[in-house]
Amino acid sequence: MIDTKDFSFFESQNSFDFKGFLIKITSYWKWFVLSLLITFTIAHQVNIRKEKVYQLDTSIAIKEENNPFFTSNTSLVFNWGGTSDQVQNISNTLRSRSHNELVVSKLHYYIEYLEKGKYNYKDAYGRVPFYVDIDASKPQLYETLIRIKFLSESEYMLDIAFEGKSTELVKYTDNSKTETAVVPGEFKKRFKTGQRVALPFLDMVLNIKDNPGFYKGNEYYIRFRDFDETVARYQGVKVDIDTKAPSILKLSLQGTNKKRLEDYLNETVKMLIKVQLDRKNQFATNTIEFIDSTLVSLGDQLKSTGDELKSFNNNKNILAIQQEGSGMSDKLTNYDLERDLITRKITYCNTLKSYLKNNSDYSKLPAPTVAGIDEPNILANVSKLIELSVLRSQMAYSVKSERIFKDFDMQMESMKSVLLENITSLTNSLKYDLSLVNNKIGQIEGDIKKLPEDKQEYLKILRKYDLSDNIYNTFLQKRNEAEIVKAANLSDIHFIDTAKDTGGGLIGPNTSVNYVLATFLGLLIPLLIVFVIFFLENSILNTDDISRLTNIPLIGVVGVKHSSSNLSVIEKPKSALSESFRAVRSSLQFMYKKKDISGSKTLMLTSSISGEGKTFCSLNLATVFALSERKTVIVGLDLRKPKIFEDFNIKNDIGVVNYLIGQKNIDEVIQKTHIPFLDVITSGPIPPNPSELIIGQTMRDFMKELKTRYDYIILDTPPVGLVSDAIELSEYADLTLYIMRQNYTKKDMVTLLNNRIARGELENISIILNGFENKAKYGTGYGYGYGYGYGYGYGNYGNGYHEEDKPKNIFERILFLFKSKKQ
């Protein structure tokens, strides 16, 4: 049990009553138990409805793979950059929308395969004996369950429940949504497996898998989900970089279906490898496309010069012509090839310069080696520029940071500026080389002009043919080099471990979290309710409350009644409750002696409001005085709500009222009880003017007569918080006992009592705390059979209420307390 003394420091520092609050909490322990039972039941129901959650992993390594056919002459592949750059780029790519769109489309993950479980539909991907092929260009039923029941191994029933007159459709080529009219109700139709289902709202083919097992009579469901939502779900794939080996990535994915997780993880890596390899081959691909377009025109030119040479050879002594000019022809051909190479280099430089100035996408640039340029700076800068352009285009789908794009743009601008300077320098050098070659060709052409005309004509045609043939062969060689490089390229991404279901991977649901939450809520909810009640109710909970609120002495604490009637001292004379009344009697006798009061002694009992046990205390105090063989009378002066006669089995036909109005004398109103030395004077009929009766001279005569007959006179008066009768009667009392009831009397009432004493309205007053127990049980009746209802003109001041008006449950109770607080 908690020792409330531990909170004395906090009480001294704060006005909040910790002791009272703890007592209030212990009084509602049943609520806490009930709340915990409810929250644990809810947690259990939630847990059994949750599907198991699994996690599968795959790990990949990023290692730069050099092409074994790469040489300084080919230079048709570019580097991605450092390994650390690749790792970060790949990590971003794996979570990018564009990449996951490719994977979702490849696996058709926007089609759900479901089985009906006990509580919900379960993902049956990998377990169903069939798969669905759709025409993505045709609209499909959107977000509606389609029931598939196999009537045989080759026939199934298609069952769709339409709720309205129209249904939504989705077309996966552009993810657009439309609507079509349908007939409300259940649509059923039989189809053969492998047969095309061509309906206004559905276009698909259901195919049976290899080795499907037994499935006749089984029911399955399919559903077409939103493509973008499906992609967004898989963008949540977790990518971790190994801190000890930064070139290793670990991919993790969570879900309820291990087969689906396994296929997705493996496919996302395969797709990444393919895209990365395609990007890596981009340089070679651009080169092949450029060469192919060039070879077409060169082929036509070569054919034309070949036909011209063949035509010249007819009817000519070609052997003699060849021997006479063969030396000059060979020299001229070599110089022509050299001039063509220089011209192609200059043309490439001019084209590259124009392209760089007029375009922002540099991913389509062909390799400089196509034009025979092997200058290292230009090769490296073109390769880097293509790399940056491709990466920037790729990151547009996965990176949202403007700063990163600005960094890319700055790098590309810087690279472009350097490249333009390199091109200008190379162009000037090439022009100088071209002028030298042209001079040499001019010298040879001067020598040729000295030959006969037929020899000149032959050398001219042969020169054109040899030039075209050599250029054509050079381009073919470059194309073959590019094809070899492309075929020999390896992806920088490799599987270390593919995703695989090895029987483990279960990570949820974490049922303990729900039970912890249930415990927390199960305690918090009643705690908050108790706090609200404690705050609103503001009741006296212990003796410390009384001592803190008033200086009026507390002369006794009375426990809870467990007897059938209010005469607890008679029914259980040896009980602790009886002893508490005897203790009060001793305290009263001491006070009488201290105040030097002898002879007949008058004791008045009152309280703040009804229901605090005033009559109960009056009866038992009168009883303990009578048991000490002192002549005692208890007078019922609660003229509005008489009560004391019920416990003595006497009638209330005649009483104080009859004496005060002069109908009866004192002997006629006194009634004997079954308890020796104890008489009772009931209140009698309810008068229309009770206050006027008790302030008259007749009341003084009545009290003077009683003092001549009894040792102790107990006055059971109305609550002082409701009517003023007790104040008028206080002049006849030697001592006044103010009854407070634990967990019932409001603290505000103590303030009112203090004010009355300060005004001199009440004197010689002491307090009895009634209904006290260490664990105050609010609502467990104290058995007084007591319920005041001053309902004739006195209002509800002080929270007085009729017994039938008591709140029936916690909600009525809180509402009642709110109203009371406002009053």
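This report covers aromatic ring pairs and charges over rings in a predicted model.

## Ground rules

Residues are numbered from 1 along each chain as its sequence is written, and side-chain values use heavy atoms, without hydrogens and water. In this predicted model, local features need pLDDT of at least 70 and side-chain atom pairs count only at pLDDT 80 or more, while totals for chains, interfaces and linings use all residues.

## Ring pairs

Rings of Phe, Tyr and Trp (its six-membered ring) pair if their centres lie within 6.5 Å; planes under 30 degrees apart are stacked, over 60 edge-to-face, the rest tilted. The count is 22 aromatic pairs.

One of them joins Phe150 and Tyr215. The pair is edge-to-face, with centres 4.8 Å apart and 75° between the planes. Phe150 lies in strand S6 (residues 146–150) and Tyr215 in the loop between strands S12 (202–208) and S13 (219–224), so the pair ties together parts 65 residues apart in sequence. Helices (H or I, at least four residues) and strands (E, at least two) are DSSP runs, numbered from the N terminus. Both Phe150 and Tyr215 are buried, meaning under 20% relative accessible area (1.4 Å probe, protein chains only).

Phe625 and Tyr712 are stacked: 4.0 Å centre to centre, 20° between the planes. Phe625 sits in helix H17 (residues 614–627) and Tyr712 in strand S23 (residues 712–716), 87 residues apart. Phe625 is buried at 0% relative accessibility. Tyr712 is buried at 5%.

## A cluster

Ring pairs link Tyr113, Phe130, Phe150, Tyr156, Phe191, Tyr215 and Tyr220 into a cluster.

## Charges over rings

A charge sits over a ring if NZ of Lys or CZ of Arg is within 6 Å of the ring centre and within 35 degrees of the ring normal. Lys177 lies over the face of Tyr142, 5.0 Å from the ring centre. The charged end of Arg741 sits over the ring of Tyr744, 4.4 Å from its centre.

Note on methods
Buried < 20%, exposed > 50% of the residue type's maximum accessible area, 1.4 Å probe, protein only.
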